[in-house]
Amino acid sequence: MLTMKNYSILLAALLLYPAISQQSFAAGDAKKGANVFAEECGDCHSVTPGKNKKGPGLFGVIGRNAASVPDFSGYSDGIKQSGITWSMDKLDAYITQPRKIVPGGKMKYDGLDDAGARSDVIAYLSSLK
């Protein structure tokens with residue numbers, strides 16, 4: 001049964017979740033993330049401003065709408081229609097299971113299972129502004 005006390009606790013948890021989850025990514029190591037990015041993402045994505053590869057450039061990706069790099073034409077219909085804004089949480093989910101988050105997407109990547117490595121990559125991408 002949901003009592004007023006339980007409701008208050010649930011509401012507080014829901015309100016604090018974004019701050020807590022953002023902090024967990026902030027706790028990632030951007031320097032390690034640069035290495036993970038180079039190994040896992042760098043063949044297809046660039047972090048140089050204005051540079052695309054097989055995939056769109058990821059400089060300044062945090063806060064950007066999916067499929068919004070103007071000079072990249074290789075977006076799938078799935079990503080165009082996703083309505084995603086790339087928050088740290090969305091990136092984490094996408095990097096974990098790209099095909100689940102964007103069915104019909106073109107990204108040929110199975111996902112990164114290691115939560116620490118994902119946190120590091122997200123900390124790295126967050127540092128690129």
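**Exercise 1. The R118 pair**

Work out which residue pairs with R118 in a salt bridge, and where in this predicted model the two partners sit.

*Solution.* Start with the side chains: R118 and D92 meet in a salt bridge, at 2.7 Å from N to O. R118 belongs to helix 6 and D92 to helix 4 (residues 88–96), so the pair links distant parts of the chain, 26 residues apart. Now check burial, using the cut-off of under 20% relative accessible area. R118 comes in at 9% relative accessibility, so R118 counts as buried. D92 has 18%, so D92 counts as buried too.

**Exercise 2. The other salt bridge**

How many salt bridges does the structure hold, and how exposed are R99 and D110?

*Solution.* The structure holds two salt bridges. Besides the R118–D92 pair, the side chains of R99 and D110 meet at 3.0 Å, N to O. R99 lies in helix 5 (residues 98–101), while D110 is in the loop between helix 5 and helix 6, so this pair ties together parts that are 11 residues apart in sequence. For accessibility, R99 counts as partly exposed at 44%. D110, with a relative accessible area of 66%, is exposed.

**Exercise 3. Sizing up helix 6**

Is helix 6 largely enclosed or largely open, and why? Check its span and its start as well.

*Solution.* First, the span. Helix 6 runs over residues 115–127, which is 13 residues, and reaches 18 Å from its first C-alpha to its last; that is close to the 18 Å expected at 1.5 Å a residue. Then look at the start, where a side-chain oxygen of D114 reaches to within 2.8 Å of the backbone nitrogen of G116. Finally, go through burial: the buried residues are A117, R118, S119, D120, V121, I122, A123, Y124, L125 and S126. With 10 of the 13 residues buried, helix 6 is largely enclosed by the rest of the structure.

**Exercise 4. The nonpolar core**

Find which residues touch the most other members of the largest nonpolar core, and which element gives the largest share.

*Solution.* The core has 26 residues, and F37, W86, L91 and L125 touch the most other members. Helix 2, helix 4 and helix 6 are the elements that give two or more residues to this core. Of these, helix 6 supplies the largest share, five residues. Now take L91 by itself: not counting residues up to four places away in sequence, L91 touches V61, I62, W86, I122 and L125.

**Exercise 5. A loop phenylalanine**

Where is F72 found, is F72 buried or exposed, and which residues does it contact beyond its sequence neighbours?

*Solution.* F72 is found in the loop between helix 2 (30–40) and helix 3 (77–80). Its relative accessible area is 11%, so F72 is buried. Leaving aside neighbours within four places in sequence, F72 is in contact with N52, K53, K54, G55 and P56. Take P56 from that list: F72 and P56 are 16 residues apart in sequence, yet 5.9 Å apart in space, C-alpha to C-alpha.

Definitions and conventions:
Residues numbered from 1 in each chain as written. Predicted model: local features only at pLDDT ≥ 70, side-chain atom pairs only at ≥ 80, totals over all residues. Heavy atoms only, no water. Helix = DSSP H or I, 4+ residues; strand = E, 2+ residues; numbered from the N terminus. Expected span 1.5 Å × (residues − 1). Buried < 20%, exposed > 50% of the residue type's maximum accessible area, 1.4 Å probe, protein only. Polar contact = N/O pair within 3.5 Å; in protein donor to acceptor, adjacent residues only side chain to side chain. Salt bridge = Lys/Arg side-chain N within 4 Å of Asp/Glu carboxyl O. Contact = heavy atoms within 4.5 Å. Core = buried A, V, L, I, M, F, W, Y, C linked by side-chain atoms within 4.5 Å.
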